[in-house]
Amino acid sequence: MDVSAYYAAEDVPETKDYLMQQVMVRVKDPVKSLDFYTKVLGFHLVMHRDFPQWGFSVYFVAYCKKADIPEGEEAQWKFCMNCPACVELTWNHGSEKEEGDKLYNTGNSDATGTKDGEKIKGGFGHLGITVPDVYAACERFKALGAEFHKSPNSGGMKGLAFVKDPDGYLIEVLPQGPMVSQAVDCNGVAVDGGEGYKDNSK
């Protein structure tokens, strides 16, 4: 596919102040999710809202300077709505009491929530973060108890990883610079080990 026309496309004046502000995922237990996103991945909670009349709460997390997050509902709303790349964690009240570890379908060849128990062709794939050193980040994630879907040396693509959040959503971990590999990763997988790439949307 030739995408040169898209690279060459002019700015759309009417959208010059638009911002990619959020992606939303539903979570079973807000405490487990907030612990993972803030303590393991290092996001900051920039705003939350409770809607008891509708039975849900939302928590917006983002990479930003903690000192920049204002106090007060109105100020936090304005900051959040102008903060790029937030993740909105939506908690439906009472979901944390439901049985089983998984409640929501992650989109990656997942059977959760299907009536026939068959895996579905997933549309949603993952969230993604970039880090200065994938291997060092993954050593830290492992020490904090994160579950890996793919360690840096497993699979066909070396130097990137996927960790799971408490609900099973995948978080891709990519380098901020060139793709590099190391001899052994956090799970003890050698760079010449692992299996080929698998598309989990199928």
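**First selection: helix 4**

Select helix 4, residues 134–143, and colour its buried residues, which are Val134, Tyr135, Ala137, Cys138 and Phe141. These residues span an arc of only 160° around the axis, which places them on the same side of helix 4. The arc is taken from the directions that run from the helix axis to the C-beta atoms. An α-helix has 3.6 residues a turn, so residues three or four places apart point the same way. Buried here means under 20% relative accessible area, exposed means over 50%, and partly exposed lies in between (1.4 Å probe, protein chains only). Helices (H or I, at least four residues) and strands (E, at least two) are DSSP runs numbered from the N terminus.

The model is predicted: local features need pLDDT of at least 70, side-chain atom pairs count only at pLDDT 80 or more, and totals for chains, interfaces and linings use all residues. Residues are numbered from 1 along each chain as its sequence is written, and side-chain values use heavy atoms, with hydrogens and water left out.

Next, display the elements that cover the buried residues of helix 4; they include helix 2 (30–40), strand 5 (127–131), strand 6 (147–150), strand 7 (161–164) and strand 8 (170–175). Then move to the ends of the helix. After helix 4 comes Gly145, whose phi is positive, near 90°.

Tyr135 belongs to helix 4 and counts as buried, at 4% relative accessibility. Which residues does Tyr135 touch, not counting those up to four places away in sequence? They are Pro152, Asn153, Gly159, Val180, Ser181, Gln182, Val184 and Asp185, where contact means heavy atoms within 4.5 Å. A C-alpha to C-alpha distance drawn from Tyr135 to Asn108 reads 24 Å, for residues 27 apart in sequence.

Select Leu103, in the loop between strand 4 (86–92) and strand 5. Leu103 counts as partly exposed, at 22% relative accessibility. Leaving aside residues up to four places away in sequence, Leu103 touches Lys28, Ser95, Glu98 and Thr112. The C-alpha atom of Leu103 is separated by 23 Å from that of Leu144, 41 residues apart along the chain.

Show the Phe, Tyr and Trp side chains; a search of the whole structure finds six aromatic pairs. In the pair of Phe51 and Trp54, the ring centres are 5.9 Å apart and the planes meet at 35°, so the pair is tilted. Rings (the six-membered one for Trp) pair if their centres lie within 6.5 Å; planes under 30 degrees apart count as stacked, over 60 as edge-to-face and the rest as tilted. Phe51 is partly exposed at 24% relative accessibility, whereas Trp54 is exposed, with a relative accessible area of 60%. Select also Phe36, Tyr37, Phe43 and Tyr63, which form one aromatic cluster.

**Final view: the whole chain**

Buried residues make up 36% of its 202 residues. Finally, select residues 19–176, which an unreviewed UniProt entry annotates as "domain: VOC"; such annotations may be inferred rather than shown by experiment, and UniProt positions follow the numbering used here, with feature names shortened. Over residues 19–176, the chain is 19% helix and 30% strand.
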